[in-house]
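The stops below are meant to be followed in order.

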Amino acid sequence: MAPTRGEPGRDGAPAASATVLLVGDFVVEASDALKDVGYAVVAPRPGEDPVTTFSRIRPDVVVTAVDVGADGFDLLRRLREARPGRTVPVILVTSGDEQEV
């Protein structure tokens, strides 16, 4: 069971109360690390559009790969359109070769 607000996480640090939406091929590794410190982690169901997941779970933050699907920047635009008027932090990650973004 994940710690609730005010309870320490497994490492004794204060519990996080944020829900994180992970989108990309790094989900398993990142999910384990985030859960270890108390975050609630959600990923799109197989075949589910990340924007549908975003609208369904209303996360506090989104972490996505720049190269997810067609383009991480396109996903960012669609996320903004899905929740107009509400700011949700999005972290774009990349790995591999040097590539101009």
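The tour goes from the whole chain to the sheet, then to single residues and a group of charged side chains.

**Conventions.** This is a predicted model, in which local features need pLDDT of at least 70 and side-chain atom pairs count only at pLDDT 80 or more, while totals for chains, interfaces and linings use all residues. Residues are numbered from 1 along each chain as its sequence is written, and side-chain values use heavy atoms, with hydrogens and water left out.

**Whole chain.** Colour by secondary structure: the protein has 3 helices and 4 strands. Helices (H or I, at least four residues) and strands (E, at least two) are DSSP runs, numbered from the N terminus. Along the sequence the pattern reads β-α-β-α-β-α-β. Of the 101 residues, 32% are buried; buried means under 20% relative accessible area, exposed over 50%, and partly exposed in between (1.4 Å probe, protein chains only). Contact means heavy atoms within 4.5 Å. Among contacts between residues at least 6 apart in sequence, 56% join residues at least 24 apart.

The 4 strands form an open sheet in the order 2-1-3-4, with parallel pairing. Strand 2 (40–42) and strand 4 are the edge strands, each pairing on one side only. Two strands pair if DSSP finds at least two bridges between them. Next, show strand 1 (residues 19–23) and strand 3 (residues 61–65), which run parallel and are joined by 4 bridges. On this pair, Val 20 stands opposite Val 61 in strand 3.

**Ala 18.** Select Ala 18, in the segment before strand 1. Its contacts, not counting residues up to four places away in sequence, are Tyr 39, Ala 40 and Asp 60. Ala 18 and Val 61 are 43 residues apart in sequence, and their C-alpha atoms are 7.4 Å apart.

**Arg 83.** Move to the loop between helix 3 (72–82) and strand 4 (90–93), where Arg 83 sits. Arg 83 is buried yet has no salt bridge; Asp 60, the nearest side chain of opposite charge, is 7.0 Å away. Lys and Arg count as positive and Asp and Glu as negative; His and the chain ends are not counted. A salt bridge is a side-chain nitrogen of Lys or Arg within 4 Å of a carboxyl oxygen of Asp or Glu. Leaving out residues up to four places away in sequence, Arg 83 touches Phe 54, Arg 58, Pro 59 and Val 88.

**Charged side chains.** The structure holds 5 salt bridges. Show Asp 49, Asp 74, Arg 77, Arg 78 and Glu 81, which are linked in a network of salt bridges. The closest N and O atoms are 2.5 Å apart for Arg 77 with Asp 74, 3.6 Å apart for Asp 74 with Arg 78, and 2.9 Å apart for Arg 77 with Glu 81. Arg 77 and Asp 74 lie 3 residues apart in helix 3, about one turn of the helix. Arg 77 and Glu 81 are 4 residues apart in helix 3, so about one helical turn separates them. Glu 81 counts as exposed because its relative accessibility is 52%, whereas Arg 77, at 40%, counts as partly exposed.
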